[in-house]
Amino acid sequence: MSRQAYLGKLEEIFCDILDEDSLEITEETSQENLEDWDSLTHVTLFAVLEDEFSIHFSVEEMAKGTSVAVLLDYLEAKL
Amino acid sequence: MEELEYPLDAMFLLRKKKALLRQLTAESEGFPVVKVAILGGSTTDELSKILELFLLNKGLKPSFYQSDYNCYWQDVMFENPALLDFAPDVIYVHTTNRNLLHLPSVGMYEKEVEDLFQQSCEHFQRFWDKAETLFHCPLIQNNFEPFSYRLLGHQDGVLPYGHSRFLDRMNQFMVDYAQEHSHFYLHDLNYTASSFGVERWHDSSAWFSAKYALAMEAIPHLAFSVANIMVSLHGKNKKAVVVDLDNTLWGGVVGEDGVENLKLGLETGTGEAFLAFQGYLKSLQEIGVILAIASKNEEENAISGLKHPDSLLSPEDFMSIKANWNPKDENIRLIAQELNLGADSFVFVDDNPAERELVRQNVMGIGVPPMEDYATYREVLHRSGYFEVTNLTQEDRARHEMYQQNKDRTAFCYSTGNYEEYLKSLDMVAEIAPFQPVFLERISQLCGKTNQFNVTTKRYTLEEIQSISTDEQYLHFYGKLWDRFGENGLVSVVIGRREGDRLSLDLWLMSCRVLKRNFEHAMLDQVVEACRQQGISTLIGTYLPTIKNKMVASFYEDMGFSLEEYLEAGGSTWKLLLCDYKRKNNVIKIEE
């Protein structure tokens with residue numbers, strides 16, 4: 001899958017978790033600029049990513065994966 | 001909502017919880033509000049969000065207080081003002097084995113381990129005692145789940161300093177406490193985690209990352225399990241199981257195969273499986289669940305199947321038998337009418353997915369568990385969590401018998417004709433008196449679950465009922481009723497609050513089991529008599545409408561009260577001057 005396709009998947013996941021159909025996610029989206037991406041959502045997000053892609057994240061990856069760009073890097077590296 | 005019934009898709013719930021919350025909230029108008037304090041020994045945010053979904057799904061509207069991270073003990077012991085202000089209706093203490101801080105070290109002497117154990121017991125006991133003093137509300141406490149690893153392997157539960165042994169003893173200590181404190185409800189986390197699978201339950205990443213004491217995927221299962229206790233405490237358990245017959249209570253189709261060829265009994269594995277399910281239904285009946293039948297069959301065939309020599313259930317076990325060719329949703333509504341219960345308090349058990357879907361779509365709120373393999377019917381029904389036991393009273397155990405007597409009464413009524421004559425011929429005897437300690441549990445249970453004949457639908461906890469029973473400001477009455485067919489039990493409750501020479505009726509309820517028996521007349525007679533002795537000259541009654549209590553909209557008018565005023569949203573207040581009140585009851589004898 002291409003980075004662009006992963007971005008699309010991520011957008012779907014963000015839309016579901018945050019219950020916002022029209023949310024647009026880009027490489028630049030991060031915990032800094034997406035208000036609803038709080039620490040609680042962050043934990044849910046990683047649980048959903050692990051389930052969706054059948055992968056596992058380390059504690060450190062979870063701590064550092066606070067932007068879409070980093071998440072895409074993870075997905076590309078793991079899949 | 002099917003997504004919130006067994007079997008749970010935990011990841012779906014985690015992912016879609018906001019959308020589900022939005023949908024459930026839109027339909028939650030008029031739900032009773034329940035203030036839930038979650039006192040956690042680890043992170044509880046996700047838990048509270050999922051718990052909210054399950055409670056809304058069962059008709060309760062929760063608001064939450066969460067203690068700060070791992071402040072469950074401090075919040076109570078140091079009386080956190082925020083928690084005091086919140087004034088919870090129910091407390092859930094989410095502690096886990098992560099909160100067993102002082103565990104024995106290898107090689108410790110028995111005496112040292114014993115000291116640690118006593119300290120740990122004292123830590124919790126002081127906390128529970130204090131919570132009871134402060135809040136007088138039900139407290140749900142997790143016991144401890146198995147550890148994620150065992151240093152001493154199989155000896156961990158055996159050697160004096162084994163951690164598993166320590167944990168088992170703590171769990172026993174909680175059981176002992178539960179047996180002596182009626183407001184204390186154990187949540188068996190040990191079972192919940194084991195049932196899910198200990199290996200999957202624990203996720204140390206979630207602990208190190210966010211201090212969750214269980215895997216995210218396990219949280220919906222925990223929330224479901226805890227919600228079931230809260231649902232039961234608020235009287236929202238299901239009350240009856242409506243079962244299909246062919247391939248549900250026995251293997252085969254009785255109308256085609258004939259009784260002699262049904263698979264039921266110990267001869268074959270299949271027969272044994274159906275027998276086991278019948279045994280489970282029989283046990284449900286023993287804890288107060290009503291059984292009924294909705295089957296596509298000729299009635300004659302249905303009855304002959306139930307008379308199979310190996311059948312554990314017989315026709316008499318069912319309060320209603322609808323064996324005909326009408327759609328099952330119609331039959332279910334008829335059964336509900338006959339039993340004076342809401343169809344939303346039923347569970348429908350049928351092996352046929354098409355029938356299940358029909359009933360699910362056409363009977364709002366009914367439970368429809370996925371009965372797909374007859375070998376696991378028991379487990380599926382159990383895991384669906386419809387009959388969580390919180391207060392198992394004598395009355396629950398005798399309920400089947402009482403409904404049976406009701407059936408006899410109806411038959412008797414048809415044979416007499418004149419209604420007053422019929423009532424007289426029932427030889428009814430009532431006991432109507434102020435609350436007594438032995439009945440408080442039954443009284444609070446009735447307050448929690450009576451929806452139809454309940455003029456204000458005010459809910460009282462056991463603790464509130466206890467305090468009313470000793471408060472001189474209140475006049476309170478319970479009513480028990482017997483008749484020629486047996487005992488109906490404690491079936492009516494009235495609570496009045498003194499305001500000078502007036503008595504304001506805060507609560508008037510009656511079990512639907514004794515509708516149309518003029519028992520309300522007998523109750524009013526006794527209320528009036530007690531008022532006269534206390535120098536009270538006027539009764540004030542209020543009707544507060546709900547979706548379910550239309551049958552009492554004109555209750556006070558029927559009792560001879562005059563209208564004071566109409567209230568917002570269809571309510572009304574009523575007044576009765578006691579100076580010219582004449583006794584109403586002439587069909588029930590009152591026990592002195």
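Which residue stands opposite Ser492(B) in β13(B)? Ser492(B) stands opposite Met510(B). The structure is a predicted model, in which local features need pLDDT of at least 70 and side-chain atom pairs count only at pLDDT 80 or more, while totals for chains, interfaces and linings use all residues. Residues are numbered from 1 along each chain as its sequence is written, chains are lettered from A and ligands numbered from 1 in the order in which they are written, and side-chain values use heavy atoms, with hydrogens and water left out.

Helices (H or I, at least four residues) and strands (E, at least two) are DSSP runs, numbered from the N terminus. Strand β13 of chain B covers residues 502-510. Of its 9 residues, 8 are buried (under 20% relative accessible area, with exposed meaning over 50% and partly exposed in between; 1.4 Å probe, protein chains only). The strand β13(B) is therefore largely enclosed by the rest of the structure. Two strands count as paired if DSSP finds at least two bridges between them. Strand β12 (residues 486-499) of chain B pairs with β13(B) in the antiparallel sense, over 8 bridges. The hairpin of β12(B) and β13(B) has 2 residues between the strands, and Gly500(B) takes a positive phi near 65° there. Strand β14 (residues 538-543) of chain B also pairs with β13(B), in the parallel sense and over 4 bridges. Within β14(B), Gly541(B) is the bridge partner of Leu505(B).

A further strand of chain B, β3 (residues 90-94), is mostly covered, with 5 of its 5 residues buried. Val90(B), Tyr92(B) and His94(B) point one way from β3(B), whereas Ile91(B) and Val93(B) point the other way. Strand β1 (residues 33-40) of chain B runs parallel to β3(B) and is joined to it by 5 bridges. Leu39(B) has Val93(B) as its bridge partner in β3(B). Strand β4 (residues 139-142) of chain B is likewise parallel to β3(B), with 3 bridges between them. Here the bridge partner of Tyr92(B) is Ile140(B), in β4(B).

The next part concerns the interface. The size of an interface is often given as the accessible area lost when the parts come together. Chain B and chain A bury about 1,500 Å² between them (accessible area, 1.4 Å probe, lost on being put together and summed over both), 59% of it on carbon and sulfur atoms. In chain B, the residues that lose the most area to chain A are Met11(B), Arg15(B) and Lys18(B), together 45% of what that side buries. The contact (heavy atoms within 4.5 Å) takes 17 residues from chain B and 16 residues from chain A.

Between the two chains there are 4 salt bridges (a side-chain nitrogen of Lys or Arg within 4 Å of a carboxyl oxygen of Asp or Glu). In one salt bridge, the side chains of Asp16(A) and Lys16(B) meet at 3.0 Å, N to O. On the side of chain B that touches chain A, α1 (10-26), α2 (45-57) and α9 (204-210) of chain B each supply at least two residues. The most is given by α1(B), with 8 residues.

Elsewhere in chain B, Glu379(B) is found in helix α16 (residues 377-383). Glu379(B) counts as partly exposed because its relative accessibility is 27%. Glu379(B) and Ala294(B) are 85 residues apart in sequence and 21 Å apart in space, C-alpha to C-alpha.

Technical notes: Buried area is the accessible area (1.4 Å probe) that two parts lose on being put together, summed over both.
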